[in-house]
Amino acid sequence: MKILKNIAYLSLVIILASCSSVGSELNNDKLKPIYITEKVNFDTDDPAIWIHPTDASKSIIIGTDKDTNGGLFAFDITGKIVNKVPNLKRPNNVDLRYGFVLNGQNIDIAALTERETNKVKLYRLPELKEVGEFSVFDGEQQRSPMGISLYKNPETQEIYAIVGRKTGPSGSYLWQYKLVEKEGKITGELVRKFGNFNGGKEIESIAVDDALGYIYYSDEGFAVHQYYADPNKGNDELLLFGKGDFKEDIEGISIYPTSEKTGYILVSNQQANTFNVYLRENPAKGRIAEIPVSTLESDGSDVSAVNLNAQFPKGIFVAMTNGKVFHIYDWRDLEAKINSTK
């Protein structure tokens, strides 16, 4: 009997060792960030990457700190805090565009949603100097803005803000505003209401592909929607994709170009701690890869294909994670994962 007990014990040890080995392999399969940003005060939510016009190594990452007394933070590409705007009332998502003409001068701008004031606030980059604000979802009972993405029409050079909210009706969940100058400040003029909603959870993450002219947004418990970004092209939904590809919530959307018309759309599979990858030129083909990352419960993300320096020759991928920080990844590591599935 003692011999049998010893055999059983040894078998259990072997099984546990085997499980430990498998767990280690799975853990090693997760991409590791090159840098982790310094901590914000409360709760990171959404980043955006601004590229310096003459020296890409001096580019910055801006990100929201989502709280009643939150803020907008700027980090260098190694994750060090270099600037911040404090005392914002629950800033949620942020996006940026280049070349808005204000007072006769071309400036780069960031726009964020401030949920507790029902406003979009605008800042000049890289200084983070406030240059305007406007109220959103006026006249609605359901306001509380969350998601935002900017769109610059390549032909007209007009810049728009597409804004989502905590909840809203299907068909007009998102509102689109044209950014204009008024009395030396930037404000927004409503140009359309659109956006189907499945009704399950909420819509937060929004991304725009300026070059191809598409808006994408995450219907969190359902799928990813695609619409035209140009309001003159109508409000018909063009595509619904990703249904069944996610463990639970569908979150941050990032678009990485590999040419003028090709590339990848990365969408956060939040509870699985992975990013699902779709072809930019044909998302209807379905998921082509799933990348395990070290982020936990990632909401927002952004990606750049610009050569920043010798360490990031093909750009960076930045993703929010629990712990009051953002993770900064070398794009080549994600590319290797994608290529390994082909």
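This is a predicted model: local features need pLDDT of at least 70, side-chain atom pairs count only at pLDDT 80 or more; totals for chains, interfaces and linings use all residues.
Biologist: What makes the radius of gyration agree with a compact globule?
Modeller: A compact globule of 342 residues would come out near 20 Å, and the protein has 21 Å, which agrees. The box around the C-alpha atoms, taken along the principal axes, is roughly 90 × 40 × 40 Å.

Biologist: On to the rings. Why is the pair F134 and Y177 called tilted?
Modeller: Their centres are 5.2 Å apart, and the cut-off for a pair is 6.5 Å, so they count as a pair. The planes sit at 50°; stacked needs under 30 degrees and edge-to-face over 60, so tilted is what remains.

Biologist: What does that pair tie together?
Modeller: F134 lies in strand β9 and Y177 in strand β12, so the pair links parts that are 43 residues apart in sequence.

Biologist: How do you know whether F134 and Y177 are buried or exposed?
Modeller: Buried means under 20% relative accessible area. F134 has 5% and Y177 has 4%, so both are buried.

Biologist: Which other aromatics group up?
Modeller: Y214, Y216, Y228, F241 and Y278 form one aromatic cluster. The count of aromatic pairs comes to 17.

Biologist: How do you know that the charge of R192 sits over the ring of F194?
Modeller: The charged end of R192 is 3.9 Å from the ring centre of F194. The distance limit is 6 Å, so that part of the test is passed, and R192 is listed as sitting over the ring.

Biologist: Last one, helix α2. Which of its residues are buried?
Modeller: In α2, residues 331-340, they are W331, L334, E335 and I338.

Biologist: And what puts them on the same side of α2?
Modeller: They cover an arc of only 100° around the axis, so they share one side of α2. As a rule, an α-helix has 3.6 residues a turn, so residues three or four places apart point the same way.

Technical notes:
Residues are numbered from 1 along each chain as its sequence is written. Side-chain values use heavy atoms; hydrogens and water are left out. Buried means under 20% relative accessible area, exposed over 50%, partly exposed in between (1.4 Å probe, protein chains only). Helices (H or I, at least four residues) and strands (E, at least two) are DSSP runs, numbered from the N terminus. The arc is that of the directions from the helix axis to the C-beta atoms. Rings of Phe, Tyr and Trp (its six-membered ring) pair if their centres lie within 6.5 Å; planes under 30 degrees apart count as stacked, over 60 as edge-to-face and the rest as tilted. A charge sits over a ring if NZ of Lys or CZ of Arg is within 6 Å of the ring centre and within 35 degrees of the ring normal. The radius of gyration is taken over C-alpha atoms; the globule rule is 2.2 Å times the number of residues to the power 0.38.
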